[in-house]
Amino acid sequence: MAYNFREIEAKWQKKWAENKTFAAQQPQDFKDEAKPPYYVLDMFPYPSGAGLHVGHPLGYIASDIYARYKRHKGFNVLHPQGYDSFGLPAEQYAIQTGQHPATTTEVNIKRYREQLDRIGFSFDWDREVRTSSPEYYKWTQWIFGELFNSYYCRDTEQAKPIDDLKAIFSDEGNTNISVACNAAVEEFSAQDWNSFSAEKKEEILLDYRLTYLAETEVNWCPALGTVLANDEIVNGVSERGSHPVIRKKMKQWSMRISAYAERLLQDSEQLNWTDSLKEAQRNWIGKSIGAQVFFDLKDHNQKIEVFTTRPDTTFGVSFLTLAPEHDLVQDITTAEQKEAVETYIAQTAKRSERDRMADVKTITGVFTGSYAEHPFTKEPIPIWIGDYVLASYGTGAVMAVPCGDQRDHDFARHFDLPIPNVFKDIDISEKAHTDQDHTQISYSDFLNNLEPQKAIRKAIEALENDKAGYAKINYRLRDAVFSRQRYWGEPFPIYYVNGLPQLIATKHLPLELPEVEKYLPTEDGAPPLGRADKWAWNTVTNQVVCNSEIDQKIIFPLELNTMPGWAGSSWYLFRYMETDKRDTCFASPEALDYWGNVDLYIGGSEHATGHLLYSRFWTKFLKDRGFLKVDEPFKKLINQGMILGESAFLHRLDGNTYCSADIENQKEIQKIHVDVSLVNTSHELDIEAFKKWRPEFEKAELITNAEGKVIVSHEIEKMSKSKFNVVNPDDICDEYGADSLRLFEMFLGPIDQAKPWNTAGLSGVFGFMKKLWKLYHSDGDFNVSDKPASKKALKALHQSIKKVTEDIEDFSFNTSVSSFMICVNTLLAEKCNSREILEPLAILIAPYAPHIAEELWEKLGHDESIAQAEFPVFDEKYLIEDTKTYPISFNGKMRFKLDLSLDLSKEEIEKTVMADERTQKQLDGRTPKKVIVVPGKIVNIVG
């Protein structure tokens with residue numbers, strides 16, 4: 001019987017689905033003692049129209065191997081899957097075609113599901129979630145409401161109900177509270193608070209809520225008609241579509257993640273994550289210890305606040321630099337500088353913050369015409385604007401100390417500004433001195449001759465005495481903008497009364513997305529939801545109808561923005577825990593207590609400062625408010641590497657003329673990507689197919705080489721539809737099978753490293769699969785016996801058990817595949833067909849190649865799925881050597897080998913060797929001069 005992988009894989013995929021083989025049990029399902037839980041999760045996939053390529057399943061295969069292994073080890077494994085189904089691509093397609101995003105998303109999900117099922121993943125599909133499902137985003141809206149109704153108490157370092165804060169205001173006012181709030185909040189007494197109108201109180205509370213409305217500098221993409229997060233911008237353009245992005249101020253919803261900065265920072269040390277990922281989060285949070293310094297403005301009744309980590313260098317300040325977006329710029333710019341300043345601001349708005357931070361070579365700036373007063377010397381300090389200062393970091397202003405900061409030094413030299421030196425015996429004429437060690441402060445009045453740390457303390461003391469500053473800890477982490485001017489996202493559960501936001505009651509949720517005529521902003525600039533005529537419940541024309549106390553209907557406008565893509569993905573891990581009570585809660589206490597959090601999370605490192613940080617924030621918040629008992633979402637996290645594609649390039653000479661890459665002395669203008677499906681394994685382009693590929697190539701002129709062929713060049717790049725180098729896993733499954741695909745992806749290299757794809761390499765893995773099948777068959781029939789296994793077979797099996805167990809625990813899946821190959825080759829050479837060997841071997845390989853393992857397991861006489869079989873246990877006794885293969889040499893030349901017991905004495909070894917008929921044949925009647933025996937090594941017969 002041949003290895004018919006197509007029939008086997010289809011059979012078992014159908015059986016798994018029908019029998020719900022991988023459904024995790026809930027704690028209430030256990031009749032006796034509950035199994036220990038283990039939760040394995042993959043990062044939420046977005047169901048794109050392109051479907052999966054072979055790079056996508058890499059992490060899924062790794063997590064599936066581990067999930068299956070844990071089932072074999074007796075764990076109740078939760079291994080769910082779902083879809084992060086709100087997203088900009090579906091909305092862009094809707095704009096282009098008029099087709100509702102829900103329709104295209106459903107089609108894409110169906111395609112994804114087909115592809116995932118073909119690869120044989122052990123997902124518990126009964127728990128599937130979709131962020132775009134009203135049943136799911138009802139609870140995303142609910143979490144938003146809980147954030148809206150909470151504030152952050154600094155005394156206890158936790159979120160608390162906003163009603164608690166109202167009570168404090170009523171009893172004490174706000175003068176003595178320590179809470180996270182917006183800058184420059186007004187002080188008031190209890191008497192003041194109690195006298196305020198309801199509207200005034202709501203305005204004040206917005207400064208304290210964990211989600212709040214505020215004027216914010218945002219990344220605005222005109223082409224997409226929406227705000228983008230920093231991680232949605234690459235090289236100054238939108239990640240989706242490569243559209244220009246500008247900075248502008250808009251009233252936006254924001255999440256007060258900054259309140260959690262210290263906890264996010266400190267708690268990351270306890271996480272079982274890679275050092276590089278934790279370092280990325282540490283840098284993003286960006287904790288700095290220093291001082292807030294005030295510079296009074298000349299001729300203005302205002303001051304500029306700056307944060308510095310080096311208050312000891314305050315005497316070295318020679319100018320101030322404000323971010324072009326700073327609130328004070330328009331107020332302080334003189335008439336003479338107005339035009340230059342406005343031109344500069346317009347230019348800067350076209351650059352993203354990341355571009356500005358990364359560009360250290362370009363020096364630009366404009367003088368505002370105004371001056372500030374030095375806090376110590378009272379000398380006038382010129383105020384400039386420069387794009388190397390960001391409004392979103394610190395106060396949006398820096399005190400420039402060119403002798404101690406290289407960017408300030410470069411700026412000062414470029415614009416011929418003073419560079420006063422405050423370091424003793426340090427030359428700062430060519431570059432700034434940035435090393436604190438072995439430095440003394442000089443030319444600084446009362447700070448002279450002090451080491452930097454002592455000078456810092458004394459400078460802060462002086463600032464505080466003069467009311468010109470104070471000690472402060474600062475964080476780079478900014479509050480997260482939470483509004484998007486899109487259609488395809490979660491609606492905010494918010495309506496407005498006299499311009500102030502009010503929360504829609506939980507009993508009315510979900511507030512569902514309404515139908516709209518078009519998915520573009522309205523003619524007056526409102527988001528696409530402004531086009532809705534009717535919402536899902538008791539609403540008309542974007543307005544919510546509420547019943548007043550006097551039983552009259554009053555109409556209020558709804559929020560027209562939608563939530564960002566990361567809203568639904570910040571808590572989805574907890575939704576998977578629940579099965580029965582999804583209508584009444586985001587997850588039941590019983591399910592949350594049993595599952596806790598994710599034991600193993602696998603996904604890409606690109607989410608380090610986006611999804612992973614937001615999910616940690618929401619988890620800590622839900623813990624603070626008593627909805628969870630854990631304050632971290634993911635215990636262990638592995639970032640899978642990328643599978644790279646081999647791109648094919650055709651060399652263009654000019655116009656529509658192209659030449660073979662192996663023709664010498666041709667000066668190409670550019671190399672263009674061509675679809676790898678048009679190229680054979682010899683790198684030869686199918687000319688006819690190329691001309692039919694796209695209309696612009698129909699009349700292309702192709703210059704062939706001496707053999708009449710067009711050869712393309714190749715490069716290893718990211719696998720991407722835009723580079724025409726994707727390989728469809730369906731094609732691999734069709735030709736080699738899903739088990740071969742799974743083994744091959746693991747065999748390519750360590751899970752956390754990038755590796756190039758090479759389809760030709762699959763033949764080796766496929767050959768192994770056929771050998772494995774052959775091991776259980778003889779002359780086409782299944783052939784497994786109950787006879788005892790040989791010592792060599794037991795040794796090969798237990799070597800593999802030891803290696804594979806260690807590899808899975810260490811996530812070194814690539815070396816397990818090699819171990820399988822060695823073991824099967826040894827067993828075939830031994831002609832082993834013993835059940836004692838082949839039964840545990842089937843279980844051993846089942847996490848990697850589940851379809852063939854299930855088929856063999858059934859043939860071995862088992863009725864239940866192999867998924868629940870106990871994993872083989874390594875026994876060291878089978879690896880202990882009791883024999884030694886001795887090379888038997890005559891006058892130094894090895895003639896044959898002989899297996900002898902390691903217990904034999906030197907004399908017994910000699911006697912056994914001399915009695916062997918092969919020895920007698922070599923000696924041919926002669927008597928040897930001597931016999932050299934080295935126990936455990938060699939035997940040499942001389943003479």
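In α22, the residues A738, D739 and R742 meet P850, H851 and I852 of α27, where contact means heavy atoms within 4.5 Å. Helices here are DSSP runs of H or I with at least four residues, strands are E runs of at least two, and both are numbered from the N terminus. The contact of α22 with α27 splits into 3 nonpolar, 1 polar and 2 charged residues; Ala, Val, Leu, Ile, Met, Phe, Trp, Tyr, Cys and Pro count as nonpolar, Asp, Glu, Lys and Arg as charged, and the others, Gly among them, as polar.

How do the two helices cross? Helix α22 (residues 738-747) and helix α27 (residues 850-859) pack at an angle of about 125 degrees, their axes 7 Å apart. That makes α22 oblique to α27, since angles under 35 degrees count as roughly parallel, over 145 as roughly antiparallel, 65 to 115 as roughly perpendicular and the rest as oblique. Axes are lines fitted to C-alpha atoms, for helices over the stretch in contact, and angles run from 0 to 180 degrees between N-to-C directions.

A word on provenance: this is a predicted model, with local features needing pLDDT of at least 70 and side-chain atom pairs counting only at pLDDT 80 or more, while totals for chains, interfaces and linings use all residues. Residues are numbered from 1 along each chain as its sequence is written, and side-chain values use heavy atoms, leaving out hydrogens and water.

Next, the sheet. It is open, with 4 strands in the order β2-β1-β23-β24 and parallel pairing; two strands pair if DSSP finds at least two bridges between them. At the edges sit β2 (76-78) and β24 (634-639), each pairing on one side only. From one strand to the next, the twist averages 20 degrees. Strand β23 (residues 598-603) runs parallel to β24 over 5 bridges, and L600 stands opposite K636 in β24. Helix α19 (residues 611-624) packs on the sheet, touching β23 and β24, and its direction makes about 175 degrees with that of β24.

The largest nonpolar core has 92 residues, of which F482 and W618 touch the most other members. Such a core is a set of buried Ala, Val, Leu, Ile, Met, Phe, Trp, Tyr and Cys residues joined through side-chain atoms within 4.5 Å, with buried meaning under 20% relative accessible area (1.4 Å probe, protein chains only). Helix α5 (residues 134-148) gives the most to this core, with 8 residues.

Conventions. Buried means under 20% relative accessible area, exposed over 50%, partly exposed in between (1.4 Å probe, protein chains only).
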